[in-house]
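Hi everyone, thanks for coming. I'd like to walk you through one structure today, so let me put it up on the screen.

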There are 2 protein chains.
Amino acid sequence: MTTSVDRLAHYRRWRIALDAPAIELDLADARLAEPDVADLARLQIALAAMARLEAGAIANPDEGRQVGHFWLRAPALAPDPAIGAAIEASWRQIDELAAHVRSGSLAAADGEPFRDLLLVGIGGSALGPLLVADALGGESTALGFHVLDNTDPTGIHRTLARIPSLAHTLVLVISKSGSTVETRNGMLEVAAACQAQGLAFAAQAVAITVPGSGLAAQAEREGWRAVVPMWEWVGGRFSVTAAVGLAPMALLGLDWRAFLAGAAAMDAHTREAPPRHNLAAMLAWLWYAEGQGRGERAMVALPYRDGLTLLARYLQQLVMESLGKRLDRQGREVWQGLTVYGNKGSTDQHAYVQQLRDGRHDFFALFLRVLADGPGPVGHEVEPGVTSGDCLDGFYQGTRAALAERGRASATLVLPRLDAAALGALIALFERAVGLYAELVDVNAYHQPGVEAGKVAARAVLDLQRRLVAALVDREPQSARELAARVGADPLATWQVLRSLAANHRGVRQEGDDPEEARFTRA
Amino acid sequence: MTTSVDRLAHYRRWRIALDAPAIELDLADARLAEPDVADLARLQIALAAMARLEAGAIANPDEGRQVGHFWLRAPALAPDPAIGAAIEASWRQIDELAAHVRSGSLAAADGEPFRDLLLVGIGGSALGPLLVADALGGESTALGFHVLDNTDPTGIHRTLARIPSLAHTLVLVISKSGSTVETRNGMLEVAAACQAQGLAFAAQAVAITVPGSGLAAQAEREGWRAVVPMWEWVGGRFSVTAAVGLAPMALLGLDWRAFLAGAAAMDAHTREAPPRHNLAAMLAWLWYAEGQGRGERAMVALPYRDGLTLLARYLQQLVMESLGKRLDRQGREVWQGLTVYGNKGSTDQHAYVQQLRDGRHDFFALFLRVLADGPGPVGHEVEPGVTSGDCLDGFYQGTRAALAERGRASATLVLPRLDAAALGALIALFERAVGLYAELVDVNAYHQPGVEAGKVAARAVLDLQRRLVAALVDREPQSARELAARVGADPLATWQVLRSLAANHRGVRQEGDDPEEARFTRA
């Protein structure tokens, strides 16, 4: 392990270590060239743009919106004092909500305390809460935690079956607009399950939504237990430091104020530090350098802690939805993006690390190392002088070295320990890095125009379904092609809808399996 | 939705539908050209190579091994009757084991039946069982199911804390060699937890391992409840149809014979069918065409069922560990691979589908559609005439259409329902597709030489740790650089080990956080 290169000195040059929040970015194996004057100027310009965004500029011009997720950690910085006051009011409301549930003054219909929390949401309204609960909660949260994040009836059934007592479950419905179909369906299925058990859904429901949304109106009309505000100027994937993340944390007994403080401390650092000493700027620079500013290499996120298994999925959403854009801000087609995937070390050493070392050089690795083992059999030796945690850290170092040996770049984020403040800092770091990278490649990181087409097409499928069911009344057996002609639809789309209806015994009977030959009748 | 192209006829041409196992591969949006005579000849050659592999050829020459996972579903086809007999004997043993646990003749020390199953394994020894349990078990398995698949002490602690009663938990230790560090550590931690509760670990432990391994010897020496065989000719990532997958299925009350039968039926199809009508051959052909035979596009796996969320991780391991290779079989550097990632639809529509539609065209999608909703609120309407399941299927169709509109290829596997036979068929399909693709690009799909380097480097880290702890005895405060010189190690490696020891209070005290300035003493 001796070497002629002074690796310690190299590491010291490429290490950015903060005291508060305590976190280190280790770029010793990132294979970066020192940014030159022009590079640093570009990064400085990106930092300045982020400062304008924080000051309330319309950073999301397509939707005519400000981008305010940084204010959530520092309400005093909000450009409009009313916004700052609203944020602080939401904190008080979250505190009160959690206190009432804890004290039992907000309780189940039978007067018993709530024992479980069921979150209904999708995308940014589920993944952030899932991440923080898993990373910080583990086996010991104040309430059991369950999530409905899809419209799969089988999955909904399964989640509801796992809840020990629906009667003692507080239901948190999270939707900015209130019109997200999956979330609406989850809510309706939970309400139906409550009704089937003779429970009043409204008496155990809380909404997190934008004031004035359909969901807010429904919650007020039906007398839900609380409505906690979200805001138009917070995107779903940036919302974990809003009530979306904080309310579940508070209800689960996790330290959401420390989480916010960690994020605020990271904001302060990444807002002020010069580019070469700025964690977010150097992270964005790594992404830029590795991918030639075009995302040509994927980021493989490998946290070495079981509790951070969801981090890669969280970053996948944050990064890919923000950066995966067809047009730049000048309206030119750029087809940008930065692919993110990963699970956890050292488990993934036994899955795809074979390809990372021996296969395509189309990625760079982002390791996450937590120095202190958390609660557990910390001192127990599995070999003389060696613990399970030593092995975990050894595998991190070994995998990193094995990739470096093959010229595959990596960066490591080092946390002294995994706690609420560290997780908040981590999230704020990635939020800023995404914003800076978007400035470097000139895309709007704060909209998601590409998801609309799929929703519109799905809506057309449901519309076609209704027309087909109507067309089947009192008719002879017909082929998909005949039925398509009757309702004026594409024959293939018709076939796809009909076979799904038939498979689910939804009043349609199918004879035969060939797309031309099969005949459909009303069942 | 009307169109001048006859999409139904196009779909019919690009659809391969089987009756048994009931599964359809829909390539209508795969943007494939008809394979020409030369293409079909290549695929036929690949199929012939797979036939030789099934007949017992040494298909893994680096390790001098046969590759026999197909025999696991059809023991009569094993080239050596003794192998076939061993497979069938393992089935009987699995049946007996499960029957004894079910009847209570194999019970906890207090005579009560086992209520939970704790699997200790990693990679192929964990991911397959996790997938089948999640896809088929859901909320209602015969035993509660828990998995230790890492050496994170915090994660181990958390999993053990979730188990209602360790005394009533059967522990299944799965390791081919018995020397996998993570699995050994998991086993030792569970044994220590048993000891702490006054439980005899051996009396509730079962091993699955290669006869003659160190683990087999230990289990026999200590009197574990059973040792079920694995074999050298089954790779970990191909082992879910061996005892690795079947024993957990049997213990959880899942229909492992139907699972095997589904796999066998898919084997029969993919073994015999001519390339253009062969699901595995056309799937491999899609991979080849989309990635130019170099994996230039990632496969995004999107199952539209919550229970199949782990499928993408399973395929990630199967595909990337098999195909991510530096050398082809002629010894030429090829740096091959095929990246796989994904989670589930429609959830991921709210995460990275933005990039799939609007961003980099560096992927193709593999959708998985299950026609029949499983148990659940199937008939419940969320809009007039529309169920949650209709919405799920509509989102699948919508996302597929939105990607097709942008020229991004997709394929869809359609299952009438998700059951054990369908899952077995699905797994067998991918196993054959991986083998065929490896033939097309001429790599050995059955070894994993790239994972060794990381293990060796990790071992060196643990060795350095021991030397450093010894060197710290009775000495003045020293820097990492000084200690490195003393033990003859690299100063950076020394620093990394020391700070981990210090963070975990492992007899090392650290003063200061600068890599050159910090001083270490014995605590």
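Let's start with a question: with which residue does Glu232(B) form a salt bridge? The partner is Arg65(B), and the closest N and O atoms are 2.8 Å apart. By salt bridge I mean a side-chain nitrogen of Lys or Arg within 4 Å of a carboxyl oxygen of Asp or Glu. Glu232(B) sits in the loop between strand S7 (226–229) and helix H8 (243–252) of chain B, and Arg65(B) in the loop between helix H2 (37–54) and helix H3 (81–103) of chain B, so this pair ties together parts that are 167 residues apart in sequence.

A quick word on what you are looking at. This is a predicted model, where local features need pLDDT of at least 70 and side-chain atom pairs count only at pLDDT 80 or more, while totals for chains, interfaces and linings use all residues. Residues are numbered from 1 along each chain as its sequence is written, chains are lettered from A and ligands numbered from 1 in the order in which they are written, and side-chain values use heavy atoms, leaving out hydrogens and water. Helices (H or I, at least four residues) and strands (E, at least two) are DSSP runs, numbered from the N terminus.

Back to our pair. Glu232(B) is partly exposed at 38% relative accessibility, and Arg65(B) is partly exposed at 26%. For those labels, buried is under 20% relative accessible area, exposed is over 50%, and partly exposed is in between, with a 1.4 Å probe and protein chains only.

Over all chains, the count comes to 80 salt bridges. Another one joins Glu439(B) to Arg329(B), with the closest N and O atoms 2.9 Å apart. Here Glu439(B) belongs to helix H14 (residues 420–441) of chain B and Arg329(B) to the loop between H11 and strand S9 (340–341) of chain B, so the pair links parts that are 110 residues apart in sequence.

Now to the helix packing in chain A. Helix H2 (residues 37–54) and helix H14 (residues 420–441) of chain A pack at about 120°, with axes 9 Å apart. The axes are lines fitted to C-alpha atoms, for helices over the stretch in contact, and angles run from 0 to 180 degrees between N-to-C directions. Residues making this contact include Leu43(A) and Met50(A) from H2(A), and Leu436(A) and Leu440(A) from H14(A); contact means heavy atoms within 4.5 Å.

S2 (residues 23–26) and S13 (residues 410–415) of chain A run antiparallel and are joined by three bridges. One bridge partner in S13(A) is Thr412(A), facing Asp26(A).

Last stop: is Gln317(B) buried or exposed? Gln317(B) lies in helix H11 (residues 311–323) of chain B, and at 1% relative accessibility it counts as buried. Its contacts beyond four places in sequence include His350(A) and Ala351(A), along with Arg237(B).

Terms used. Pairing = 2+ DSSP bridges.
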